[in-house]
Amino acid sequence: MTTPRLYDTEAVVLRKTDLGEADSVLTMYTPYLGKIRAVAKGVRRPKSKMGGHVEQLVHSQMLLARSKGLDIVSQSQAIESFLPLRDNLRLTSSALYVVELVDRFTAEGEENYPLFRLLVDTLNWLCRARHGDLILRCFELHLLEYLGYRPELQHCVICRSAIEPGSNYFSPDSGGVLCPRCRGGGLIAHPLSLNALKVLRFLQRNTYAEAERLRVFPEVSLELKLLMRKYIRYLLEREVKSADWLDRLDKEGYP
Ligand SMILES: [Zn+2]
């Protein structure tokens, strides 16, 4: 039996890079094929019919043709364009952060259906955003879980004793919480407030639909952002570019 030349898949466009005069290479995340790359021919020409269906952040139905090099996008029809994400700088930056993390944390061709669902759900939540930061924290925790980096929040990662309310710490290199007795010993440990720990535990167990009603104080929100940033930086061994944009908006007090 020969492999069919054409195949179709849903896909969210994570990244789009120029190729030659008018083509683009799309990096996409799909439900059953994981991350894939394909060429969209002629899409940078003003009259391209495919243009709006293959933009970054668009969720589309794609028909692809196998090719010796990268596969070719043969047809594309947008399922959801997430238009509100394009109207507001903070939402755009948040959505770019989400797709950058999916791109950086995944290798091509590894199926991860829960991660695809999380990606689509997160872009939808951001469109109706009331608490963008909380959506991003919820996204990060579930992303890490689906990729095998679930932070341990119930027991000390060193001595395994149950974490009690009090002065606890988070250790990026051991992937979880340290009790006060196990702090030190050469591990980098960041103080973790009780409120921040409670929010992390809640987000880890629930989707954003349940978390939406949480009230999080601004100082806790900041603590969570910095903590997750450190853990993600440790795992990726690099900075996340789009996080700088979000920081800049925070610094300038952009709503
Ligand atoms: Zn301990």
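Me: Is C182 buried or exposed?
Reply: This is a predicted model, in which local features need pLDDT of at least 70 and side-chain atom pairs count only at pLDDT 80 or more, while totals for chains, interfaces and linings use all residues. Residues are numbered from 1 along each chain as its sequence is written, and side-chain values use heavy atoms, with hydrogens and water left out. Buried means under 20% relative accessible area, exposed over 50%, and partly exposed in between, with a 1.4 Å probe and protein chains only. C182 has a relative accessible area of 17%, so C182 is buried.

Me: Which residues coordinate the zinc ion?
Reply: Donors are N, O and S atoms within 2.8 Å of the metal (3.2 Å for Na, K and Ca); water is not among the atoms, so sites may look incomplete. Here the donor atoms are SG atoms at 2.3 Å. Along the chain they follow the spacing C-x2-C-x19-C-x2-C. The coordinating residues are C156, C159, C179 and C182.

Me: What is the geometry of the site of the zinc ion?
Reply: Four donors count as tetrahedral if all angles lie between 85 and 135 degrees; four count as square planar and six as octahedral if opposite donors are over 155 degrees apart and all others between 65 and 115, and anything else is irregular. The 4 donor atoms of the zinc ion make angles of 106 to 117°. The site is therefore tetrahedral.

Me: Is C179 buried or exposed?
Reply: C179 is one of the residues that coordinate the zinc ion. Its relative accessibility is 3%, so C179 counts as buried.

Me: How many aromatic pairs does the structure hold?
Reply: Rings of Phe, Tyr and Trp (its six-membered ring) pair if their centres lie within 6.5 Å; planes under 30 degrees apart count as stacked, over 60 as edge-to-face and the rest as tilted. By this rule the structure holds 4 aromatic pairs.

Me: Y32 and Y113 form an aromatic pair; what kind is it?
Reply: The ring centres of Y32 and Y113 are 5.4 Å apart, with 5° between the planes. The pair links distant parts of the chain, 81 residues apart: Y32 is in the loop between strand 2 (23-30) and strand 3 (34-40), and Y113 is in helix 3 (residues 113-127). Helices (H or I, at least four residues) and strands (E, at least two) are DSSP runs, numbered from the N terminus. The pair of Y32 and Y113 is stacked.

Me: F170 and Y231 form an aromatic pair; what kind is it?
Reply: The centres lie 5.5 Å apart, with 75° between the planes. F170 in strand 6 (residues 168-171) and Y231 in helix 7 (residues 218-236) are 61 residues apart, and both F170 and Y231 are buried. The pair is edge-to-face.

Me: In what order do the 3 strands of the open sheet lie?
Reply: Two strands pair if DSSP finds at least two bridges between them. Strand 6 and strand 8 run antiparallel and are joined by 3 bridges, with N168 opposite L192. The edge strands, each pairing on one side only, are strand 7 (176-178) and strand 8 (190-192). The order is 7-6-8.

Me: How many bridges join strand 4 to strand 5?
Reply: Strand 4 (residues 59-65) and strand 5 run antiparallel, and they form a hairpin with 5 residues between them. H59 stands opposite E80 in strand 5. The number of bridges is 7.
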